[in-house]
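Subject: Structure handover

Hello,

Please look it over before reading the notes that come after it.

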Amino acid sequence: MSDFSDKNILVLGGSRGIGAALVRRFASDGGKVAFTYAGSREAAVALAQASGAEAIRTDSADRDALTATVAGRGKLDVLVINAGALVLGDPLTLDADAIDRMIDVNVRAPYHAAVEAARQMNDNGRIIVIGSVNADRMPFAGGAAYALTKAAMQGMVRGLARDFGERGITVNSIQPGPTDSDMNPAEGPMAATMHSFMAIKRHAKPDEIAEYAAFIAGPHGAMITGSMQTIDGGFGA
Ligand SMILES: NC(=O)c1ccc[n+]([C@@H]2O[C@H](COP(=O)([O-])OP(=O)(O)OC[C@H]3O[C@@H](n4cnc5c(N)ncnc54)[C@H](OP(=O)(O)O)[C@@H]3O)[C@@H](O)[C@H]2O)c1
C-alpha cells in the first residue's frame, strides 16, 4: 500500500473498468480523488458513494470542458488519463467520424489535459496515461486507428517528460494488454484469440493495472519517467 493522504488526484474516465479500479485504489490509500465520466452516470454516482471520490461529468472529447475541469482541480499531485475509446473494423468501411472521435478522446484529450494539469501541478507530480500494448504490437486486422492513438501516447510521454522533468514531474504510459472490462470482457468473443498471443493466457484484472499505477504515482516512482510500462501477460513479447 502507498500513502496518498493529502494528495490531490484526478482520474479522467473513472466510472468503469480500469478507471474505476484506479479511483478505488487511490481513494482507499487516502487520496483526495476526483474522476470524470461521460455517459455512465449511474456507475459514476455509485462509485463516488462507495469510494468517497468526487464524480464530475466531463466529456474528454470537449477540449474546453476538459481543460476547465482539469484547471478547476487546482494543484494536482497525480493526473491519470484513462478515458479511452476503441473502434475496430475494416478501415475501408469504418465510419470516419467514429475514428475522429476516438482520436479526440485518445490523443487530443490526453495531450491537452496533461499540459493543463502541468500548469499548476505541484513539484514531483505524476502524469500517467493508460496507453496500450497495441502501441507496440497489433497482431490482428482492424486495429490500425486504435494502435495509432496509443502509439501517439509514446511520443507524448517522451516529450512531456523532458518538458516537465526539471520540476520533478514524471510522465509515463502504462500499456495494458487484454484486461477484463466492458471494453474487453474476459469472456468476450475475442478472448481466445487474444490469449493465443500471450505467455500468460488470461485477461489482467483492472486492479493489477491500478496496482502498478499506484507504484508509479508513489515515492518509489520518482525516477521513472518518459517510459512505457507494459502489463500484458507477454502479449507483446
Ligand atoms: N481493457 C483492455 O483490454 C485495455 C487494453 C489496453 C488498453 N486499454 C485502455 O485502458 C483504458 C480504459 O479501458 P477500459 O477497458 O477500462 O474501458 P471501458 O470499460 O470501456 O471504460 C472506459 C472508461 O473511460 C470513460 N470514457 C470513455 N470515453 C470518455 C469520454 N469521452 N469522456 C470521459 N470519459 C470517457 C468511460 O466513462 P463513461 O462510460 O462514463 O463514458 C469509462 O469510465 C482505455 O484508455 C483503453 O484504451 C484497455
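Predicted model: local features only at pLDDT ≥ 70, side-chain atom pairs only at ≥ 80, totals over all residues.

Sheet

The model has an open sheet of seven strands with parallel pairing, and the strand order is β3-β2-β1-β4-β5-β6-β7. Its edges are formed by β3 (54-57) and β7 (228-231), each of which pairs on one side only. From one strand to the next, the twist averages 20°.

Within this sheet, β4 (residues 78-81) and β5 (residues 126-130) run parallel and are joined by four bridges. V80 has I128 of β5 standing opposite. Helix α2 (residues 41-51) packs on the sheet, where it touches β2 (32-37) and β3. The direction of α2 makes about 160° with that of β3.

Helices α1 and α7

Helix α1 (residues 17-28) packs against helix α7 (residues 206-217) at an angle of about 50°, and the two axes are 8 Å apart. Because of that angle, α1 counts as oblique to α7. The crossing in which α1 passes α7 is right-handed.

On the α1 side, the contact is made by G17, I18, A21, L22, R25 and F26. The α7 side contributes P206, D207, I209, A210, E211, A213 and A214. Sorted by class, this contact of α1 with α7 has nine nonpolar residues, one polar residue and three charged residues.

Helices α4 and α5

Helix α4 (residues 96-120) and helix α5 (residues 144-164) have axes that come within 10 Å and cross at roughly 10°. An angle under 35 degrees counts as roughly parallel, so α4 is roughly parallel to α5.

From α4, the residues in the contact are I99, M102, I103, N106, V107, P110, Y111, A114 and A118. From α5, they are A145, Y146, T149, A152, M153, M156, L160 and F164. The contact of α4 with α5 divides into 15 nonpolar and two polar residues, with no charged ones.

Ligand

There are 31 residues around the ligand, and G13, G17, Y37, G84 and S181 come nearest. The elements that give two or more residues to this shell are α1 and β2. Helix α1 supplies the largest share, three residues. By class, the shell has 13 nonpolar, 15 polar and three charged residues.

Regards

Note on methods:
Residues numbered from 1 in each chain as written. Pairing = 2+ DSSP bridges. Axes fitted to C-alpha atoms, helices over the stretch in contact; angles between N-to-C directions. Contact = placed C-beta atoms within 7 Å. Parallel < 35°, antiparallel > 145°, perpendicular 65-115°, else oblique. Left-handed = near helix turned anticlockwise from the far one by under 90°. Nonpolar A, V, L, I, M, F, W, Y, C, P; charged D, E, K, R; others polar. Near = placed C-beta within 6 Å.
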